[in-house]
Amino acid sequence: SAASSARSLTSASASARSSSMSSEAASSRSGGRGFEPAIPAPPWKSTSYLSSSVGESEAGPVIGKRWCIFTPIVVLACIVVLIAEYHENAEGVDFAKPPTDGCHFRLSVKDSSFCAAAFSTNPLFGPTAAVLQRMGAVSGLLVRESGESWRLVTGIFLHGGAVHCVANMLALIGVGWHLERFHGFARVGLLYVVSGVFGAMATATFAPRGLSVGASGAIFGLIGASVGDILLNWGVYSSPCASLVWLLFLVVVQAVLGTMPWLDNFAHIFGLLMGFVSSLAVLDRLTRSDRCLVTCGRGVVRLVAGIFMLAALAAGACLVYDLVEVDVGVVCPECAKLSCRGFPWGCEESESQKCWWTCSDVAGAPAPCTGSISYIDTEANGRVELHCAKTTGESETVVLEPYDVTGLSDANVAELCPDFCWAS
């Protein structure tokens, strides 16, 4: 009986070992990929990567998941800022009077008022150009001439309207959520801000006389970072090619939106490039390896990408602040068409009656203004003070300092009104 029991135990043990070996062989044949984040899945199908397990990949143990902090904070901040835009757009408006183009869709909640401009003024269901300018939209002239560098940051939290904001937030959730779960909020936050600021620099350089708002440049940076993440961790993903196709779809949708007023494909393109390069310097490989060739190669890539990232930011700053004499309009005279097109696409400004809207129609008409100039020592170190009239009867003061006032006088200073004063 004891011998029989021993034989049974031996048989069971052999069977278990055989089963274990078969399981390992099957795992080996399948690539051993217990980690399958379908990056970046559409937000409405996000459970495909939220339910994925972190296990062992071919190259070694996968880094664990992290809490998402930065992405929901940015989404909440952008929504709050959009509500503030509607409130600012209703400032000084008498709701007892008929709706106007600047304040057409109205809502009153207790003592607070909110309104959006007519679609002929803002097709994105948002405020007027004057409100966006006051709240920090990116303007190359204001950044350069008035020293308002803070616009390079504030512009990435403003949106042209509800349509713009919803599209951007869905893209942010779909891309940012995944990156943050596997790389942490600090790295994703750095990628977001650096890409957004670099995109704003591109806007200020290529379209200095226009206004631009939106987190699209920063979101394109995260899309570029997702491409970098896939390349860094190709063997970890269950379907890397499908992930790249989804990212391409996001790029196409955002690029189409970028042809609309106040949205900017310059920020999209340069934000995408900066996000990709920065990801190679900032993001980690999700697997560990003890092989010197892998670790040393990763170190070299990180160093080179970091140098490119810093060099690009320095070059962007030089172009924005005219530290380098380059006339972008001469170098690329057709570039402006990338950023704004009349709708339906293809209609010409000269045939505006065929267009639902044109870039000049919705950009906001320049407000009449008066002004004065002064300077200290030389005309290159001047000061311009513009008093821009508003439809409410009030005036808004815009100060340009330091400003080269050579050739300007109090009599012709009004020539600056189209660039710095916006009707509201």
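Modeller: A residue counts as buried when its relative accessible area is under 20%, as exposed when it is over 50%, and as partly exposed in between (1.4 Å probe, protein chains only). This is a predicted model, in which local features need pLDDT of at least 70 and side-chain atom pairs count only at pLDDT 80 or more, while totals for chains, interfaces and linings use all residues. Residues are numbered from 1 along each chain as its sequence is written, and side-chain values use heavy atoms, with hydrogens and water left out.

Colleague: Is Cys 165 buried or exposed?

Modeller: Cys 165 has a relative accessible area of 4%, and therefore it is buried. Cys 68, with a relative accessible area of 17%, is buried as well.

Colleague: How many disulfides does a search of the whole structure find?

Modeller: A disulfide is a pair of cysteine sulfur atoms within 2.5 Å, and the search of the whole structure finds one. Cys 103 and Cys 115 form it, with their sulfur atoms 2.2 Å apart. The torsion about the S-S bond of Cys 103 and Cys 115 is about -130 degrees, so this disulfide is left-handed. The pair links distant parts of the chain, since Cys 103 lies in the loop between H3 and E3 and Cys 115 in strand E4, 12 residues apart. Both Cys 103 and Cys 115 are buried. Cys 165, on the other hand, is in no disulfide, and the nearest cysteine sulfur, which belongs to Cys 78, is 5.9 Å away.

Colleague: Where is the place of Ser 279, and which residues is Ser 279 in contact with?

Modeller: Helices (H or I, at least four residues) and strands (E, at least two) are DSSP runs, numbered from the N terminus, and Ser 279 sits in helix H11, residues 265-282. Its relative accessibility is 0%, so Ser 279 counts as buried. Contact means heavy atoms within 4.5 Å; leaving aside neighbours within four places in sequence, Ser 279 is in contact with Leu 191, Gly 224, Ala 225, Gly 228, Leu 232 and Arg 298.

Colleague: Which residue other than glycine has a positive phi near 55 degrees, and which has one of about 60 degrees?

Modeller: Lys 110, a residue other than glycine, has the positive phi near 55 degrees, and its place is the loop between strand E3 (105-109) and strand E4 (112-116). Lys 110 is exposed, because its relative accessible area is 84%. Phe 125, also not a glycine, has the positive phi of about 60 degrees, and it is in the loop between E4 and helix H4 (129-135). The relative accessible area of Phe 125 is 28%, so this residue is partly exposed.
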